[in-house]
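This report goes through the side-chain pairs, nonpolar cores, surface patches and backbone features of one protein model. The sequence and structure come first.

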Amino acid sequence: MITGQIKNQIDQIWDTFWESAGVTNPMSVLEQMTYLFFMKMLDDMQLKQERVSEEIGIGMCSDVSFGYGTWRNPDTGEAVSVDNLRWHVFKQMEPEQMYRTVSRDVFTYIKNLNSGTESAYSRFMGNAVFLIQSPRALAKIIDGIDALPDMNSRDTMGDVYEYILGKMAASGKNGQFRTPRHIIRMMVEMMRPTCKDVICDPAMGSAGFIVEAAKYVKEHYKAELMNRENAEHFRRSLLHGFDTDQTMLRIGAMNLMLHDIEDPDVAFRDSLSSDNTAADRYTLILANPPFAGNLDYEAVSKSLLATVKTKKTELLFLSLFLRSLATGGRCASIVPDGVLTGTSNAHKAIRKAIIDGNRLEAVVSMPSGVFKPYSGVSTAILIFTKTGAGGTDRVWFYDMKADGFSLDDKRNPVADNDIPDIIARFHSLDEGGEDNRTRTDKSFLVPVEEIREHDYDLAFNTYKETVREVVEYEAPEVLIGRAAALAAKITEGINQLDDLINE
């Protein structure tokens, strides 16, 4: 957890972009900060390698981000000393020289980085653009980043980046790319990923779900990850994420790198298109897919349309999850409330496919303020397992009323928080922990037969029981008598006032 001091330092860097650097779009600020973080990370990693090599008395290997000698800039044709491209060198230059070096040479170098420390991040640098316009602003920003404490710690850097992502969401622009961190953490805690899982987010955005899943695995499977096979699986094949936005791929890949996940399977991919043929592959899907947006219907995979014929992305993604999961694979996905209650053929078809063809386990309804300030949409979390042969017997419903933050645009911390209760109750299902709950409680179990009777409606309110308090009123003649006595008293008072006036 980062301290208030670090938050203040980040806020000052953020303000410099707005006030001095000529970058005012929150997404652009985040992107430019990401480039600078990457420059520092590459140099920090190489400095560490060089120190180790010196201590043990062996020469540096050639597999480094910055070689030695000169490099010819493909844009200018000029030969440049590679040393000058490194953070610890250019940060000491005068602002004008620093600006020329970073904007012209360092930026071009990392865009063309295809050897040494190549990463998921460097693969998405091709169309990156450097937007900072002021040498003095750049110098101030670099000084600010360099002054952040403990930035050689990946945990600290990861927390810093998550705070920056939070600032982007709080700005009310481009926040749709970020699911609130505590909601992601709740879903991961409910699903309990293991070091053997194959995890995917087909609409990864800033990679919040796969980052949090990786953190959970590292925390709970420390011993298992000492095994070489498990460690290699964690590094290369545990995590998979796809998106159609190159900027978000860069941001998501940086988020992963800052959490010590350097080579995950993240790629530019339209998950709904026929180009995506993944089937029966993943053991766990965690996602908050887009609820609306542009859709090239002609390019949508025919196998998804076979399950649900629609142009609604939220329904097509659920069809994708069913196809992509291996048998026995699990899914936790955020969906808009319309998925739970929609009456179109497509809405009913996807709910039937999940309930009758597989095993629906839980529906957690969330309050509409969860995604404020940028959206007031009401959402829920669907949790199901792919069986291909049914298996839904009872479905657990929970009505979340509070998530630990106010449900207005400010989203300030509050005491009320259902999340710990949700996690605990979900994991008690197999032990019968919810068997005695009634329909007047926050959570309860509903037999699948009852759900079918209600045309596969999955709204919490459809099944809850409302207890109305019996109120007994006095007999009409008593009320009339009381009203008459009151009227007489008023008349008497008026007469007394009249007598006083006449005297």
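Glu232 is partly exposed, at 36% relative accessibility (buried means under 20% relative accessible area, exposed over 50%, and partly exposed in between, with a 1.4 Å probe and protein chains only). Arg235 is also partly exposed, at 38%. The two form a salt bridge, with their closest N and O atoms 3.9 Å apart; the term stands for a side-chain nitrogen of Lys or Arg within 4 Å of a carboxyl oxygen of Asp or Glu. Glu232 and Arg235 are three residues apart in helix α9 (residues 228-236), so about one helical turn separates them. Helices (H or I, at least four residues) and strands (E, at least two) are DSSP runs, numbered from the N terminus.

## Basis of the model

This is a predicted model, in which local features need pLDDT of at least 70 and side-chain atom pairs count only at pLDDT 80 or more, while totals for chains, interfaces and linings use all residues. Residues are numbered from 1 along each chain as its sequence is written, and side-chain values use heavy atoms, with hydrogens and water left out.

## Other salt bridges

The structure holds 28 salt bridges. One of them joins Arg104 and Glu78, with 3.8 Å between the closest N and O atoms. This pair links distant parts of the chain, 26 residues apart: Arg104 is in helix α4 (residues 95-111), and Glu78 is in the loop between β1 (70-72) and β2 (79-81). Arg104 is partly exposed at 35%, and Glu78 is partly exposed at 39%.

Arg185 and Glu212 meet in another salt bridge, at 3.3 Å from N to O. Here helix α7 (residues 181-191), which holds Arg185, is linked to helix α8 (residues 208-220), which holds Glu212; the two residues are 27 apart in the chain. Arg185 is partly exposed, with a relative accessible area of 33%, whereas Glu212 is buried, at 6%.

## Nonpolar cores

The largest nonpolar core has 108 residues, and Phe17, Leu36 and Phe37 have the most contacts inside it. Helix α2 (residues 26-56) gives the most to this core, with twelve residues. Another core lies apart from it and has 46 residues, including Val198, Leu316, Val339 and Ala380. Such a core is a set of buried Ala, Val, Leu, Ile, Met, Phe, Trp, Tyr and Cys residues joined through side-chain atoms within 4.5 Å. In soluble globular proteins, nonpolar side chains tend to be buried together.

## Surface patches

Asp270, Asp275, Asp296 and Glu298 form a negative surface patch. Patches consist of residues with over 30% relative accessible area and no salt bridge, where like charges are joined within 9 Å and nonpolar side chains (Val, Leu, Ile, Met, Phe, Trp, Tyr) within 5 Å. Asp275 sits in the loop between β5 (265-268) and β6 (282-287) and is exposed, at 69% relative accessible area.

A nonpolar surface patch is made of Leu486, Ile490 and Ile494, which together have about 300 Å² of accessible area. Ile494 belongs to helix α18 (residues 476-502) and counts as exposed, at 51%.

## Positive phi angles

Arg192 is not a glycine, yet has a positive phi of about 45°. Arg192 lies in the loop between α7 and β3 (199-201) and is partly exposed, at 44%. Arg411, also not a glycine, has a positive phi of about 50°. The loop between β11 (403-405) and β12 (413-417) contains Arg411, which is buried at 13% relative accessible area.

Conventions
Accessible areas come from the Shrake-Rupley method with a 1.4 Å probe; for residues, only the protein chains shown count as cover. Lys and Arg count as positive and Asp and Glu as negative; His and the chain ends are not counted. The place of a charge is taken as NZ of Lys, CZ of Arg, CG of Asp or CD of Glu.
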